[in-house]
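Student: Please take a close look at a single part of this structure. Start from a side chain, then follow its surroundings.

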Amino acid sequence: MSSVRRREIALAAAAAAGALLVMAWLALHDGPWPDWRTEARPAVDSLLAGHVLRFLQLAPTYGGSLILRAPFVMVTKLWHGRDLAIYAAGAVPCLAATGALGVWLAARMRSRGASLLAVAVALLLCVANPLALPALELGHPEELLGAVLCVAAVLCALHDRPTWAAVLLGLAMANKEWAVVAVGPVLVALPRGRARALLVSGAVAAAVMAPLIIGASGGFVAQATATGLNTGPTFQPWQLWWFFGSHGHAVKGLSAGYRTAPAWIGGLGHTLVIAIMPPLTALYARRRAHCAQPRPNHHVLLLLALLLALRCALDPWDISYYSLPFLLTLLSWEALGFARPPVLTLAATFAAWFIFRETSTLALNLSGNAQAMAFAVVSIPSIVALAGAVYAPSAGHLLLPRSRRGDAMAPAL
């Protein structure tokens, strides 16, 4: 590695560190972290007090993420850390993961001749994405970690590192269950060792989750099953089922004018994306195998982006930070395929920020129906265009890199 490239990587790392410090200050210094306090904090307090069994019994459905981040949280006992220190310690590895991905993408872009402007935009979208703020503010830093682990698993698969891909995929699934949507893209990206990778990823996820399954005496499994199979009355306006809802009785947490989910949607919200993942992945693999013109290796990231976009659109619980894994996946694909700034990810980030953060403010005062319509107007054409780019590149040429436009693209990672 040349001294120039080492300096560029060091500069990117310094810029990422600075951006992460700003993100941490904005989201952590005085945040309410409501979900953290109600869902995770009781379990974490038990762990800090040395009551491991109680921790396992109180852990939420994403208890695997708490186990992965437990060493960072336990460090706070050295100085008797309180609220801020405990939550920040658990968020550090999640923020650091986005920084590591951002620096890696920056290095790849510079090695292919991307401009400093393009690298800077990509780096900021990765480490200082505005959709990461609500995840941190609400108490879900694990969403950042899951997004990076899924992308990293696909990238390792593309680099023909099946063991690393499997380990990262297993950690992603243990971190949060939605990461199962990355299984198909990882298997497609692997040139060999797919069966072994599937076994290793399952073993890694099982090893992390085993204490929860055993220690909670079946309670964790029952809770995870109930959450995974039924979304209940929670019904956000930023998803495509909204207009099937009804103006029923008031539900805690839903404001006036909001709808309640019909019973039949409750069993579909978290299972439909998982159900459509195998056929969508199989269709992609088939078309890829019979494609007359070979696609770039990293094109499989678009398949992952499509599955993550569908996860947002079809989940009645959809909220702002759900779009972060999709955005980081799209960013990784765009950074690896174009020499220009990642304008698609920039536009998608702005659209998501506006729909989730601005349409619900008192300044605009939009009804739930108006918010749902804004979401549909943006998300449906975007998903259609993304599907076109995944399955019919000639039809999705506006998304796909074309060398004649001056966007130098590496033939392989």
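**Salt bridges and a helix**

Tutor: D83 is partly exposed, at a relative accessible area of 31%. Partly exposed sits between buried (under 20% relative accessible area) and exposed (over 50%), using a 1.4 Å probe and protein chains only. This is a predicted model, where local features need pLDDT of at least 70, side-chain atom pairs count only at pLDDT 80 or more, and totals for chains, interfaces and linings use all residues. Residues are numbered from 1 along each chain as its sequence is written, and side-chain values use heavy atoms, with hydrogens and water left out.

The partner of D83 is R41, in a salt bridge of 2.7 Å, N to O. A salt bridge here is a side-chain nitrogen of Lys or Arg within 4 Å of a carboxyl oxygen of Asp or Glu. D83 belongs to helix α5 (residues 83-111) and R41 to helix α2 (residues 34-48), 42 residues apart, so distant parts of the chain are linked. Helices are DSSP runs (H or I, at least four residues), as are strands (E, at least two), numbered from the N terminus. R41 is buried, at 13% relative accessible area.

The whole structure holds eleven salt bridges. Another joins R192 to D160, at 3.0 Å from N to O. R192 sits in the loop between α10 (183-189) and α11 (194-215), and D160 in the loop between α8 (142-158) and α9 (162-175), so the pair ties together parts 32 residues apart in sequence. Both ends are partly exposed: R192 has 45% relative accessibility, and D160 has 31%.

Next comes R340. Its salt bridge is with E334, with 2.7 Å between the closest N and O atoms. R340 is partly exposed at 22% relative accessibility, whereas E334 is buried at 1%. Elsewhere, salt bridges with shared partners join R69, E142, E143, K176 and R311 into one network.

E334 lies in helix α16. Leaving aside residues up to four places away in sequence, E334 touches R340, P341, P342, V343, L344 and T345. Contact means heavy atoms within 4.5 Å. A348 is 14 residues from E334 in sequence and 12 Å away in space, C-alpha to C-alpha.

Last, α18. M373 is found in this helix (residues 368-391) and is partly exposed at 45% relative accessible area. F243, M373, V377 and V378 form a nonpolar surface patch, with about 360 Å² of accessible area together. Patches take residues with over 30% relative accessible area and no salt bridge, joining like charges within 9 Å and nonpolar side chains (Val, Leu, Ile, Met, Phe, Trp, Tyr) within 5 Å. Accessible areas come from the Shrake-Rupley method with a 1.4 Å probe; for residues, only the protein chains shown count as cover.

S382 is also found in α18. It is partly exposed, at 41% relative accessibility. Its C-alpha lies 8.9 Å from that of A309, 73 residues apart along the chain.
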